[in-house]
Amino acid sequence: MIELFGISVSTQPIWLTFKVAVTTTVILLLVGTPLAWWLAHMRSSFKIVLEALVALPLVLPPTVLGFYLLIAMNPNGALTQFLRLFGFEGQLTFSFTGLVIGSVFYSLPFAVQPLMHAFEALPMRLLDAAATLRAGVLDRFFTVVVPLARRGILVAMTLTFAHTVGEFGVVLMVGGNVPEVTRMVSIAIFDHVESLEYAEAHLLSGMMLLFSVAVLMLVYGINRRFAVKVG
Amino acid sequence: MKKLLAPVLAAVVALASPAIVLADTLNAAVAANFTKTIEEIGAAFKEKTGHEVKFSFGPTGKLYAQIKNGAPFDLFFAADTDKPEMLVKEGLVKEGSYFVYAQGVLALYSPSLPVKEGYKDVLGKAEFAHLSIANPKTAPYGAAAEEVLKKLGVYDTVKPKIVNGESIAHAFQYVQTGNAPLGFVALSQIVDPQSPAYGKGEYWLPGQDMYAPINQGAVILKRAENNPVAQQFIDYLRSDEGRKVIERYGYSIP
Amino acid sequence: MLKGDLSLRQGDFQLESGTFELETTGITVLFGRSGSGKSTLLRAITGLDKHTHGTLYFNGERWQDGKWRLPTPRRDIGFVFQDAALFPHLSVRGNLEYAVRRAPSGGASLNELAERVGIAHKLDQSVTTLSGGEKQRVAIARALLSRPRLLCMDEPLSALDWRAKGELLPLIEELARETGVPILYITHAPIEVERLAARVVFMAAGRIERIETLREALERPDSPLFDEEGPVSVLEGRLGVPNEHGLCAFGEEGERLWLAPPTHSTDGRPQRLRILARDVSLALDDPSRISILNHLPVSIERIEPVKEGRVTVATRTAGGQLLLAEITPWSLARLDLVPGRLVYALIKSVALME
């Protein structure tokens, strides 16, 4: 619990939200980068289908996406069974893992699209040049792709993080609003509002707003400082 | 030529003034949970009287806001009592028309656990992973579920297992998709033959004395104050024929 | 020695090189029209395109076998791209260090090579501030700093203006000689072939048509190297010091020519002289009262059929070099020229290739 302006609110949702957002951002960077690379350099017409699938969370109402996730993540669901192959135990829904999986799906386009556009804009000759200078695949990725696609990577990270912090529908569906386990800030605010606890709602909303603005300013600041002219 | 013109003109006038053509049609705003019940009653009413009732379904709060902002509804069937009572206070309804048309019935439902006879045992041991209820802060069914759990003396035992659906529909989804093995849902969600839960698993109905009634209130709106058809529909809904349908869909009537 | 047989499909274009065997000393030029498959062949040779298949051996080392391919970073090749392909996020020095850090030790240092290609004063600039010619100098230095066993250059001059071309052409020639790195050089400009090539790989429609020395290539009357300027001969020789009239002697006694001194030192190395056949006239005896300085005694080797109202006469100099002259059929008949006849070639215009 913290107390500000005489109003006390639980800090647990804030801490949880932060953890979910950081984990989601890291996972989407790891998963989204190869996916975006693959999509950016795909020549087959199948690309259109995949791009549409990736963009789906942008158009599906979160509660619909959440409902399908409930089906996939129930103890006998496809996703649960799949993770069992890797030794996963327990239940996905109503847990931290479930929140992260839901957020990963929901924020997928926010990570993949900026990355994909950054990779598409990358001159492939520079990678060829690096290869002829004896740079291997990972070497090329970290010394050529990352510095040149830095803007896209930053945008992808910020959008993923901010989107996860602010997300409501999906985490509500798959999280089950369990105090101290899956009650994220956005849900806590909603509960406060529904219970007419406006002071607490204002306090949490204000903190979230300040935090989001700070993150965005930080990113735009970094972005400007390291601006690179390509070409 | 003049002979031909007259009926054509009459037809144009008739089409242009909906008041004349649609005189026998009512518009009703209905809480989404009551959709099927009232559609069946409406169809029977039309067959009997020839008058048609058109229904708009939605969350009670949204319908209330629409009515306050002048939406052309004649009748309002809410999922709670607050919203119609507020309309009464605001003077937007026909005087004396407010009544409770149905009461929600709470059910402990599980597709797999023996809750019908063994609810005490199941809840007391709390060996399940999750118990789904509607959010007690926002949904009357949730508050009722919490009351029942407290009356049974198992609230503290099951509390760590509780997951909160934002609405009763949402709480039902948790059970229906297998994410929670049992949950407090509305009886209306499991007795509907089209429900995915119909005839599957078992349920226990806590006594009506264990929780405050989940009343659903209705009003005739100011707009239909002098419309005899509006009163006629309400009367039909409250007749034995209407009550039978309401009860068949899992509601009780005070 | 580079030998193999490569195929590679790129969109609608199909490369089927056919078996080839290339001497890898000096500069080998891949020549052909655009769309003939030069660049595709180079991508296949360097392993930059993963769809390549066939066989390729470099000095007995396996580079390509069926679908298997030795990754480009392990082939020890250097590559100079048409547009330089410098890393825009690195300075000039950063680009050069990128090569040095991944190269085996030894060879010229970064500073030495930067000095040699003339960009030492630009080391700490961003590459985006460089001119086209400067970028290409950095690209050449970067490729050489990676200590390649084979240097590939894909039309390195085609994006440059004539002045930068004039400066870079001799630089490439000198660096090839100084470093001894074999070079595969793509161009569609005959003048670059005539200046640089030890041998020429002619390409058309995705195939290698033939591989021959520059001398052989120029002896063919229908040589693809002859463009809208008509047939060309290339004479080789050493350059002497300027005489009292400011002109330098070129070549041995008996095939000596006089030309304006070069703009930079040639250090007594063999030079190439490009002579258009249309600038060469033939005379039955040596005219003395004429402004043309360069008269060479030559013997007629063969006379080509009349084409577009002109006849190309192939002659040999005293030193056995091929010199082509383009005359009218009327002159041919008037002078009664036949193979084996000794005549004088009068060369109207002569300049060193530089």
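Predicted model: local features only at pLDDT ≥ 70, side-chain atom pairs only at ≥ 80, totals over all residues.

**How the chains meet**

Chain B and chain C do not touch, and their nearest C-alpha atoms are 47 Å apart.

The area buried between chain A and chain C is about 2000 Å², with carbon and sulfur atoms giving 62% of it. On the chain A side, the residues that lose the most area to chain C are A:Thr132, A:Leu133 and A:Arg134, which together account for 42% of what that side buries.

What polar and charged links cross this interface? There are four salt bridges between chain A and chain C, and eight residue pairs are in polar contact, both residues being at pLDDT 80 or more.

In one of them, the side chains of A:Asp139 and C:Arg102 meet at 2.7 Å, N to O. In another, A:Arg134 pairs with C:Asp76, and the closest N and O atoms are 2.4 Å apart. A:Arg134 lies in the loop between α6 and α7 of chain A, while C:Asp76 lies in the loop between β7 (68-69) and β8 (77-80) of chain C, so the pair joins two chains. Are A:Arg134 and C:Asp76 buried or exposed? Both residues are buried.

**Chain B against chain A**

The other contact takes 16 residues from chain B and 23 residues from chain A. Chain B and chain A bury about 1500 Å² between them, 54% of it on carbon and sulfur atoms. How many salt bridges cross the interface of chain B and chain A? The count there is zero. Polar contacts are found, however: 10 residue pairs, both residues at pLDDT 80 or more, link chain B and chain A. On chain B, β7 (162-165) and α9 (168-176) each supply at least two residues of the side that touches chain A. That side of chain B divides into five nonpolar, nine polar and two charged residues.

**Within chain B**

Chain B itself is divided into domain 1 (2-103 + 213-248) and domain 2 (106-204). The C-alpha centres of these two domains of chain B lie 33 Å apart. Where the domains meet, four residues of domain 1 are in contact with six residues of domain 2. Domain 1 and domain 2 of chain B bury about 490 Å² between them, 59% of it on carbon and sulfur atoms. One salt bridge is found across this interface, together with two residue pairs in polar contact, both residues at pLDDT 80 or more. The side of domain 1 that touches domain 2 has one nonpolar, one polar and two charged residues.

**Within chain C**

C:Lys122 forms a salt bridge with C:Glu134, with the closest N and O atoms 3.2 Å apart. C:Lys122 lies in the loop between α3 (110-117) and α4 (132-145) of chain C, and C:Glu134 is in helix α4, so the pair ties together parts that are 12 residues apart in sequence. C:Lys122 and C:Glu134 are both buried.

The side chains of C:Arg62 and C:Asp65 also meet in a salt bridge, at 3.2 Å, N to O. Here C:Arg62 is partly exposed, with a relative accessible area of 37%, and C:Asp65 is partly exposed at 31%.

A network of salt bridges links C:Glu219, C:Glu301, C:Arg302, C:Glu304 and C:Arg316. C:Arg316 is also among the contacts of C:Gln321, as are C:Glu255 and C:Thr315. C:Gln321 sits in the loop between β20 (311-316) and β21 (322-327) of chain C. Why is C:Gln321 called buried? Its relative accessible area is 8%, and buried means under 20%. Its side chain makes a polar contact of 3.4 Å with that of C:Glu255.

Definitions and conventions. Residues numbered from 1 in each chain as written. Chains lettered and ligands numbered in written order. Heavy atoms only, no water. Contact = heavy atoms within 4.5 Å. Buried area = accessible area lost by both parts, 1.4 Å probe. Polar contact = N/O pair within 3.5 Å; in protein donor to acceptor, adjacent residues only side chain to side chain. Helix = DSSP H or I, 4+ residues; strand = E, 2+ residues; numbered from the N terminus. Nonpolar A, V, L, I, M, F, W, Y, C, P; charged D, E, K, R; others polar. Buried < 20%, exposed > 50% of the residue type's maximum accessible area, 1.4 Å probe, protein only. Domains from an automatic or database assignment. Lists of a residue's contacts leave out its neighbours within four places in sequence.
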